[in-house]
Amino acid sequence: MIQKWSAAMSIESFFREAEERLAGVEPERRQALSSRLDLARSMMGTLDPLEFLEQWVAPDERYTRLYQDDQD
């Protein structure tokens, strides 16, 4: 979960850098690149760490016993 969120944040950092560089690009190219940036960003999904945490499945949640212990 942490690795997935870290990768998403790395990609978001890339998008931010691209956005900053758009300011120095001629208007026609800026509009085309801005559209592509919006499209790429929309494919990313959430960057909210709480949503990553909600989607995470803990080891105890993954494992189901085949036999129930009498000691529980």
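## Packing of H1 against H2

The helices are DSSP runs of H or I with at least four residues, strands are runs of E with at least two, and both are numbered from the N terminus. H1 covers residues 2–22 and H2 residues 27–44; they pack at an angle of about 165 degrees, and their axes are 11 Å apart. Axes here are lines fitted to C-alpha atoms, for helices over the stretch in contact, with angles running from 0 to 180 degrees between N-to-C directions.

On the H1 side, the contact is made by Ala 8, Ile 11, Glu 12, Phe 15, Arg 16, Ala 18, Glu 19 and Leu 22, and on the H2 side by Arg 30, Leu 33, Ser 34, Leu 37, Ala 40, Arg 41 and Met 44. Contact means heavy atoms within 4.5 Å. The residues of this contact comprise nine nonpolar, one polar and five charged. In this division Ala, Val, Leu, Ile, Met, Phe, Trp, Tyr, Cys and Pro count as nonpolar, Asp, Glu, Lys and Arg as charged, and the others, Gly among them, as polar.

## Basis of the model

The model is predicted: local features need pLDDT of at least 70 and side-chain atom pairs count only at pLDDT 80 or more, whereas totals for chains, interfaces and linings use all residues. Residues are numbered from 1 along each chain as its sequence is written, and side-chain values use heavy atoms, with hydrogens and water left out.

## Residues of H1

Glu 12 lies in helix H1 and counts as buried, at 9% relative accessibility. Buried means under 20% relative accessible area, exposed over 50% and partly exposed in between (1.4 Å probe, protein chains only). Leaving aside residues up to four places away in sequence, Glu 12 touches Arg 41 and Leu 47.

Ala 7 is also placed in helix H1, but is partly exposed, with a relative accessible area of 40%. Ala 7 and Met 44 are 37 residues apart in sequence, and their C-alpha atoms are 11 Å apart in space.

## The chain as a whole

The chain has four helices and zero strands, in the order α-α-α-α from the N terminus. Its C-alpha atoms fill a box of roughly 75 × 15 × 15 Å along the principal axes. Of the 72 residues, 11% count as buried.
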